[in-house]
Amino acid sequence: MYKLVIFDLDGTLLNTIGDLAAAGNHTLEVMGFPQHPEESYRHFVGNGIPKLIERMLPAGHDKETEQKAYDIFMEYYSAHKCDRTKPYPGIPELIRKLRAAGIKCAANSNKAHEFTQELIKLSFGDEFDDVIGFGAGFPAKPDPGAAHELIRRAGVQPSEALYVGDSNVDIQTGHNAGIDVCGALWGFRGYEELSAMNPTYLAKDAAELTRISMAIAGEQREIDKNYRTIGEWFVSEYEGEIPDAVRDLVEAVNTSKAKIAELEASKPRKDDGAEVEAAAPAQKICPICGAASDSKFCPQCGAPMGD
């Protein structure tokens, strides 16, 4: 198993989007600019607050406007950063399990260092061994400097460290650091962005991340590495002894294929030369959550739909 797990903060450990969006829209309101839906802020975050400010402001703004917006944002966010922010389900339990198993936990964020430290302390007490945010002497992610320093301080080898994050910036940080990296599918960005970055693993929730972090070499860890994307995982054929979780997923795929076959069989056919009125496109069944859609990816959970 790994000896050190390095976590991103926003969208990985904590759901901070509500407070970030509130601070952003407060800033825009004060400056007389149009506000954004909360969902839009999922794509503004990831590269630190200065970049968030740049992305949320109207196109064509100047540096003076950015600085004014930054000052307003920081004043508001400092006072309201914990109004709605909370850990994702299962994350506190995950951290306790890792520490009980002797695995060190660290946080690395593009959020200001003092905010990162405060949020980690308020949300997890003294459970984290180390924290590095932006402004602590290292470049912003995806530069690997902070990750390398966390590995050095922990006294482990790069091969013994795992980086966990919810955005392409986090996956690239892990790659740049030369360590294994896991995409957090519960965060701000989702399957398509993360899988495109070719992470070592993808985890759908804290329980799956626990198994990845604590896996014994040659068992679940090798299965995850061989079947990196959810799509590959679900459609692959397994032989011999396999984990129950994988067996359940394969059974779900087979069930979904049967449902798809039924839908195909129900399509209209020509009868005596007369064209039957065309039906709507065949719905596909998501092998993860069971949702029906004619899209390539599930609109509910983001996983690839069955063929």
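The model is predicted. The protein chain holds 13 helices and 10 strands. Of its 307 residues, 47% count as buried. Among contacts in the chain with a separation of 6 or more, 57% join residues 24 or more positions apart.

Six strands form an open sheet. Their order is β5-β4-β1-β6-β7-β8, and the pairing is parallel. Strands β5 (130-134) and β8 (201-203) stand at the edges. Each of these two has a single partner strand, so one side of each is left without a neighbour in the sheet. From one strand to the next, the twist averages 20 degrees. In general, the strands of a sheet pair through backbone hydrogen bonds, either parallel or antiparallel.

Strand β4, residues 104-112, pairs with β5 in the parallel sense over four bridges. Within this pair, N108 stands opposite I132 of β5. Strand β4 also pairs with β1, again in the parallel sense and over four bridges. Here L4 has K104 of β4 as its bridge partner. Strand β1 is joined in turn to β6, residues 161-165. These two strands run parallel, and four bridges connect them. V5 stands opposite L162 in β6.

Strand β1 is covered on both faces. L4 and I6 lie on one side, V5 and F7 on the other, and all four are buried. L4 is the partner of K104 in β4, while V5 faces L162 in β6.

Helix α5, residues 91-100, lies across β1 (4-7) and β4. The helix runs at about 155 degrees to β1. Helix α5 also packs with another helix, α10, which spans residues 206-214. The axes of α5 and α10 come within 9 Å and cross at roughly 15 degrees. Angles under 35 degrees count as roughly parallel. That makes α5 roughly parallel to α10. The crossing of the two helices is right-handed. From α5, the residues I91, L94, K97 and L98 take part in the contact. They meet A206, L209, T210, S213 and M214 in α10. By class, the residues of this contact divide into six nonpolar, two polar and one charged.

T210 belongs to helix α10. Its relative accessible area is 12%. Residues under 20% count as buried, so T210 is buried. Neighbours up to four places away in sequence aside, T210 touches L94 and K97. Both of these residues are in α5 and belong to the helix contact.

Helix α4 spans residues 63-80. The crossing is right-handed. On the α1 side, the contact takes in D19, L20, A22, A23, G24, H26, T27, V30 and M31. On the α4 side are T65, K68, A69, I72, F73, Y76, Y77 and H80. This contact has 10 nonpolar, five polar and two charged residues.

E66 is also found in helix α4. At 15% relative accessibility, E66 counts as buried. Residues up to four places away in sequence are set aside in listing its contacts. E66 then touches I53, E54, L57 and H61.

With a relative accessible area of 26%, S123 is partly exposed. S123 and K86 are 37 residues apart in sequence. In space their C-alpha atoms are 7.1 Å apart. Leaving aside neighbours within four places in sequence, S123 is in contact with L14 and P87.

Technical notes: Residues numbered from 1 in each chain as written. Predicted model: local features only at pLDDT ≥ 70, side-chain atom pairs only at ≥ 80, totals over all residues. Heavy atoms only, no water. Pairing = 2+ DSSP bridges. Axes fitted to C-alpha atoms, helices over the stretch in contact; angles between N-to-C directions. Contact = heavy atoms within 4.5 Å. Parallel < 35°, antiparallel > 145°, perpendicular 65-115°, else oblique. Left-handed = near helix turned anticlockwise from the far one by under 90°. Nonpolar A, V, L, I, M, F, W, Y, C, P; charged D, E, K, R; others polar. Buried < 20%, exposed > 50% of the residue type's maximum accessible area, 1.4 Å probe, protein only.
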